[in-house]
Amino acid sequence: MKRLIMVNGTMGVGKTAVCTELYHILNRSVFLDGDWCWMMDPFVVTDETKRMVQNNISFLLRNFLVCSEYENVIFCWVMQYESIMDDLLSRLSGLEFEPYKFTLMLSEQALTQRIQKDVQRHVRTSDVLERCLQRLPLYEHMDTVKIDVSEITARQAAEQIHDALCKGCKG
């Protein structure tokens, strides 16, 4: 059975790095980062652009899930509300796959350090930190498998996800 591995967490938690590592660990896998569908200039968030991004993500996920070459579809995105995951899954109805949901968690101190490094490297702007800290508690109550990445590498987090997949943990 195909697996859709959904990895969420706040900005700066390391979703892309962890999923890249997981992509290398799993056989017959593909990796999609939801942020790729938001790379546009000008970056404008409206109902129309949100709908477009969700449609594009759904289209890509659906095509990867029906392709016989892949067993594992890895997807990461900032999904701070359960309803975001539920909406994406509902758009994939009719397909045969097992969804696995993971949340990367970290302490406020670790998040602050990571965001500050990103700001210094000009990857993020300084206003991101406040938004990330405000959203951090939203992830605690989601129906997902939680992985604390405060003091582990992306590879170690990917290995924890791999181990959970082997045990059948879905969140």
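Predicted model: local features only at pLDDT ≥ 70, side-chain atom pairs only at ≥ 80, totals over all residues.
Start with the general idea: side chains of opposite charge can pair when their charged atoms come close. In this model, the count comes to eight salt bridges. Let's visit three of them, one by one.

First stop, E21 and R155. Their side chains meet in a salt bridge, at 3.2 Å from N to O. E21 sits in helix α1 (residues 15-25) and R155 in helix α6 (residues 154-167), so this pair ties together parts that are 134 residues apart in sequence.

Next, look for R28 and E71, whose side chains form a salt bridge at 2.8 Å, N to O. This pair also links distant parts of the chain: R28 is in the loop between α1 and β2 (29-33), while E71 is in the loop between α2 (47-66) and β3 (72-76), 43 residues apart. As for accessibility, R28 comes in at 40%, which counts as partly exposed, and E71 is partly exposed with a relative accessible area of 38%.

Last, find D118 and R124, another side-chain salt bridge, with 2.8 Å from N to O. D118 has a relative accessible area of 11%, so it falls under the 20% cut-off and counts as buried. R124, at 25%, is partly exposed.

Some of these contacts connect up, too: salt bridges that share partners join E21, R155 and E159 into one network.

Conventions. Residues numbered from 1 in each chain as written. Heavy atoms only, no water. Salt bridge = Lys/Arg side-chain N within 4 Å of Asp/Glu carboxyl O. Helix = DSSP H or I, 4+ residues; strand = E, 2+ residues; numbered from the N terminus. Buried < 20%, exposed > 50% of the residue type's maximum accessible area, 1.4 Å probe, protein only.
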